[in-house]
Amino acid sequence: MDTMRHEPLIDGTRELDSHECWDLLRQAVIGRLAVIHDGTPDIFPVNFAVAHGTVVVRTAAGTKHASARNQAVAFEVDGYDLERAEAWSVVARGTVHEVTDLDETIAVMRLPLLPWASGSKPHLLRLLPTTLTGRRIRVEGGVRQA
């Protein structure tokens, strides 16, 4: 459910406040984790959970895990509002830390964060954003809900 205030867009764009950004993060189904791997950018689609002002991802060992752990990353979600013909995007930037503390691990395991793909996904990564930005953009000639 979209709970945004829908203030008017100026020149077709409106910056979102942090409350709106967190609301949209909670509503999103899929996110994109952007990392640097071997000196070049890479992006991974991920399922995730939002908890206590952080973004949590569960993953297997591999490129995503190695490139994100203890590194600066960007995490992005986006969508399209059919009622208003507006696109939106939210980007969180910060450092990812692996969850290893027992109490924190138990708390994270209670989140609705089940792996989509088969196989073991034992690594829990938490992004504490240092910046959180978002915007809505009117799509000229955009598709509207019938």
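Colleague: What should I know before I start?

Modeller: The model is predicted, so local features need pLDDT of at least 70, side-chain atom pairs count only at pLDDT 80 or more, and totals for chains, interfaces and linings use all residues. Residues are numbered from 1 along each chain as its sequence is written, and side-chain values use heavy atoms, with hydrogens and water left out.

Colleague: How many helices and strands are in the protein chain?

Modeller: Helices (H or I, at least four residues) and strands (E, at least two) are DSSP runs, numbered from the N terminus. This protein chain has three helices and eight strands. Along the sequence the pattern is β-α-β-β-β-β-α-β-β-α-β. The C-alpha trace spans about 45 × 35 × 30 Å along its principal axes.

Colleague: What share of the residues counts as buried?

Modeller: Buried means under 20% relative accessible area, exposed means over 50%, and partly exposed lies in between (1.4 Å probe, protein chains only). Of the 146 residues here, 38% count as buried.

Colleague: How do I read contacts along the chain?

Modeller: A contact means heavy atoms within 4.5 Å. Take the contacts between residues at least 6 apart in sequence: 70% of them join residues at least 24 apart.

Colleague: Which residues touch the most other members of the largest nonpolar core?

Modeller: In soluble globular proteins, nonpolar side chains tend to be buried together. A nonpolar core is a set of buried Ala, Val, Leu, Ile, Met, Phe, Trp, Tyr and Cys residues joined through side-chain atoms within 4.5 Å. The largest one here has 24 residues, and Phe 75, Val 77 and Val 90 touch the most other members. Elements giving two or more residues to this core include helix 1 (18–27), strand 2 (31–37) and strand 7 (86–98). A second, separate core has six residues, among them Ala 49, Val 56, Val 108 and Leu 113.

Colleague: What does Val 90 touch?

Modeller: Leave out residues up to four places away in sequence. Val 90 then touches Leu 16, Cys 21, Leu 24, Leu 25, Phe 75, Glu 76, Val 77, Leu 132, Thr 133 and Gly 134.

Colleague: How many aromatic pairs does the structure hold?

Modeller: Rings of Phe, Tyr and Trp (its six-membered ring) pair if their centres lie within 6.5 Å; planes under 30 degrees apart count as stacked, over 60 as edge-to-face and the rest as tilted. The structure holds one aromatic pair. The ring centres of Phe 48 and Phe 75 are 4.9 Å apart and the planes are at 70 degrees, so the pair is edge-to-face. The pair links distant parts of the chain, 27 residues apart: Phe 48 is in the loop between strand 3 (40–46) and strand 4 (49–51), and Phe 75 is in strand 6 (residues 72–81). Both Phe 48 and Phe 75 are buried.

Colleague: Where is Ile 30, and what does Ile 30 touch?

Modeller: Ile 30 sits in the loop between helix 1 and strand 2. Ile 30 is partly exposed, at 34% relative accessible area. Not counting residues up to four places away in sequence, Ile 30 touches Pro 45, Val 46, Phe 48, Val 77 and Trp 116. Ile 30 and Phe 48 are 18 residues apart in sequence and 7.1 Å apart in space, C-alpha to C-alpha.

Colleague: How do I read phi?

Modeller: Most residues other than glycine have a negative phi. Asp 38 is not a glycine, yet has a positive phi of about 55 degrees. Ala 85 is not a glycine either, and has a positive phi of about 50 degrees.

Colleague: Is Ala 85 buried or exposed?

Modeller: Ala 85 is buried, with a relative accessible area of 3%. Its place is in the loop between strand 6 and strand 7. Asp 38, in the loop between strand 2 and strand 3, is exposed at 69%.
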